[in-house]
Amino acid sequence: MHRAILLLLVAGFSDVALAGELTFEADVRPILKAHCFQCHGEAGEREGELDLRLRRLIAKGGESGAAIVAGEADASLLLERVRSGEMPPGDKRLDSTEIKVLAEWIASGAKTARDEPDVVGDGPISTQEERSYWAFQPVQRPSVPAFDEARRVRTPIDALLLQSISERDDVPVNFASDGAKPRLIRRAYFDLIGLPPAPEAVAAFVADDSNDAWDRLVDQLLASDHYGERWGRHWLDVAGYADSEGYSEEDRERPHAFRYRDYVIRAFNTDKPFDVFIQEQLAGDEMVPTPHDNSAPETIERLTATGFLRMAPDGTASGGIDKPAAQNQVMADTLQIVGTSLLGLTVNCAQCHDHRYDPIPTRDYYRLRAVFEPALDWKNWRTPAGRQISLYTDADRKLAAEIEAQAVVVEQERQKKADGYITRTLEEELLLVSSDVQEALRTAYRTVAKERNEQQQQLLKDYPSVASISVGSLYLYDRRRSERASKLDAERKAKAPQYLAQTAQQQLLKVPAADHEAVQAAMATATDKRTTEQNQLLERFPGVLVTEETLSQFAPDAAAELARLSQQAKELRSSKASDDLKRYAEKASEIRDRKPKEGFLRCLTEQPNKVPVTRVFYRGDHEQPKDPVQPGGLSILAKDLTLPENDPALPSTGRRLAFAKYLTDGRHPLVARVIVNRIWLHHFGTGLVGTAGDFGVLGDQPKNPELLDWLAAEFVESGWSVKHIHRIIMRSTVYRQDSQRVEDDSTVSYLQYPVRRLESEIIRDAVLSVCDLLNTRMYGEPVPVMEDAVGQIVLGKENLDGERKPTKATPLDGEEFRRSVYIQVRRSRTLSMFETFDAPTLSPNCEQRSFSTVTPQALLMMNSDFAVTYADAFAKRVLGEAPADDSQRVKLAWQLAYSADPSAADVNSAVRFITAQRAVIVEQGKKEAADRIDQDAFAVFCQALLSSSRFLYVD
């Protein structure tokens, strides 16, 4: 990509250049800087003693002599080496266009645009062309041209756009006509809150003919809490927000990162001035008092804001990694996030060498690193957990201590019980060994392990059933007690019939001889067939029919034996140590659950009295530190900027706070431009500068630099109000245009509103909204994601079996219907539905989302559980709210999905389709009730609505 853009830069000079006006600074130096400076001039590197940074140094040459001969391209060694492919080394070569520029320049006399400096050191050299680059110039508020009413200019945005188009194309242009009101309200809703309007809202807006209806609608949406959820998500992309650490396969969760997400949402909802928003994120900890105990809400808010600087992947707490490399990578990724989000520059490309295209020397990169190094000191590193700040107050700690004291009492009782169970188990086990070793074994067990002599150690080895007794192993001995109880049951079961038979026989012997035969006959007769005489006879001699209940009357010793066996078994079962101790542990846990939940802030702070020295790393290698540098900004923007090394007025160094104030003083040429460009991007699908994270040479040129500067100046002068910029953009004619271009005989309607696909999160939110399932609860811990049985990433709490395979999902109790901004962002586990629809790739952040149109998207909306489940829910809502008439049901579904009324033809077509679906269901032989057939048929229709481009796109 870099090669392609360099070709465009070269091609841009071709009209003048190849006509003989090539100069070193404008045409040749960019090529050499991109390909050759790293070995020939940069940071003192002079391979072959050749320096290519100036024309005179090239002419001077190196060990092989002069590199060029002015006017004689074919005699120039530099061109010879380049043409042969010998230089530059490696895979990268100059292409034919670049070689042609180089040859033409030499042939035309190897001219320079101006005199070159007589003396140069090893430091970087910037040219007037680089210093004059548009993005590095101060913001200039342009004058706004006037146009007559026929041009429908509503705001300065319209005027500046019309002026730009007229100047560029020299043809009369008009805006497209305003979009229809249903289309406009849907556009506004999705742009500002990311949800579709309710049919009632659409009807009210369409019926409102007042001149300020549109303005009031915009103000209403800007006041919605959903606005912060929508626009906060845009910033979270740029910040690289994630609920996991990334870096390694472990991808540890960040349990407290969500507080930064909530801070961002609140900041947008309250229209926090963006300069303050930036300052708090870069240096919130330097704006509040220390220590951070019992912090006021404002202090907590500012500390939370520094989570911006803790969003980079951080695997430094993981095992099996190169710790120094991981620590320095956190710093590198953090600087990349800061550079692309606020400066709109790829400063990270200057980490190992001077930036190949922009005037950012490596030294500047490390000056910028020095701003953040006191908080991200790789030689005094703190892991993520070590950086957390507790939100506990003194009152919380006092209450927690009181509750802990109650739990300790329970644990002490548990310990007493445990000691008793240990003693009981020990004595029971000792009964199973020879009596002559019992006392010695008891003593060996009771002796502290480190004080046992060799004989005691050997004795315990010989009797592992005693040696193994511990609180943790009591459950094993409980099993043995259960086994013994079962043996007692078996013994009792065997003895009981013996005792009964013996007792009955003994009692029979006591019967007089005269009655003996009759008694035996009565005993042998079934109970329900005995005669009255037999029953009376047996009542005289009850012992012959002895039972376990009556055994004690006739054989008390036998009854006592059976009772003893039962009682022993019962005692063995009822006094399980593990169960009893578990009850104590559960009670202690229940008590501790009453403690105030301790929350933490994932934030950035500096370590007191530790001011690290930042050094330039040779070729970006932390193991090769070179010259020290002071904190500072980019020299191309502020050559004389000095930041405090250690501000005595602050408990921290104050570097980040000073840097943040410098960025937001209103004079910085990049920050305001970058932010308003992002706002424009999210309203129109592309920014005034197409590369939102790169305003440098490799980025796009601004389509309308005057408009960009006007917006930037207006942004600052409004007090850095994002909502103010929204109002100006959305009140403009260019925003309110129809997405359909109309041409007539007199003019060409050059402009129109761009059709854009909704982002993955907004598609999901819109589906939930039309199904009337959206849970609007704001803030708090994220909705978890998990891998299901087939490897898809879905919403749910991880519930794995012993083989770490997913089992039955844990209910989320409605949390699964929350807005997508609250779904957990796992770097290694992107929700499958989001991934299909181009979820942001955080590497380390997402400068600008891409939008694709690929087959898996259509398949997901056709076949996935997501599509089928919510189509059914959509149908259920429609059937529940609309009259029992297919035409009315179709109309409601259409209004919910598209924010517009269907035409008569649309209604008739849809009714025929639904009728056909009912017939298909019946033909398939499904035995369902009529209302279920209705819902199934409408579900197919609703799925078609949700899958349509009209639903997935906003126009």
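The report below goes from the whole chain to single residues.

## Model and conventions

This is a predicted model; local features need pLDDT of at least 70, side-chain atom pairs count only at pLDDT 80 or more, and totals for chains, interfaces and linings use all residues. Residues are numbered from 1 along each chain as its sequence is written, and side-chain values use heavy atoms, with hydrogens and water left out.

## Overall build

The protein has 40 helices and 10 strands. Both are DSSP runs, numbered from the N terminus: helices are H or I with at least four residues, strands are E with at least two.

The radius of gyration is 41 Å, whereas a compact globule of 955 residues would come out near 30 Å. That radius is taken over C-alpha atoms, and the globule rule is 2.2 Å times the number of residues to the power 0.38. The C-alpha trace spans about 150 × 85 × 60 Å along the principal axes. Among contacts with a separation of 6 or more, 70% link residues 24 or more positions apart. A contact means heavy atoms within 4.5 Å.

## Surface and charge

Of the 955 residues, 51% count as buried. Buried means under 20% relative accessible area, exposed over 50%, and partly exposed in between (1.4 Å probe, protein chains only). The protein exposes about 44,500 Å², and carbon and sulfur atoms supply 50% of that area. Areas come from the Shrake-Rupley method with a 1.4 Å probe; for residues, only the protein chains shown count as cover.

There are 120 positive and 146 negative charges, and their mean positions are 4 Å apart. Lys and Arg count as positive, Asp and Glu as negative; His and the chain ends are not counted. Each charge is placed at NZ of Lys, CZ of Arg, CG of Asp or CD of Glu.

## The loop between α13 and α14

A cis peptide bond joins T290 and P291, with omega about -5°. P291 sits in the loop between α13 (274–283) and α14 (297–305).

N294 also lies in the loop between α13 and α14. Its phi is positive, near 50°, in a residue other than glycine. N294 is partly exposed, at 37% relative accessible area.

## Loops on either side of α34

D813 is in the loop between β9 (793–795) and α34. It is not a glycine, yet its phi is positive, about 55°. D813 counts as exposed, with 70% relative accessibility.

The peptide bond from S843 to P844 is cis, with omega near -5°. P844 belongs to the loop between α34 (832–836) and α35 (855–863).
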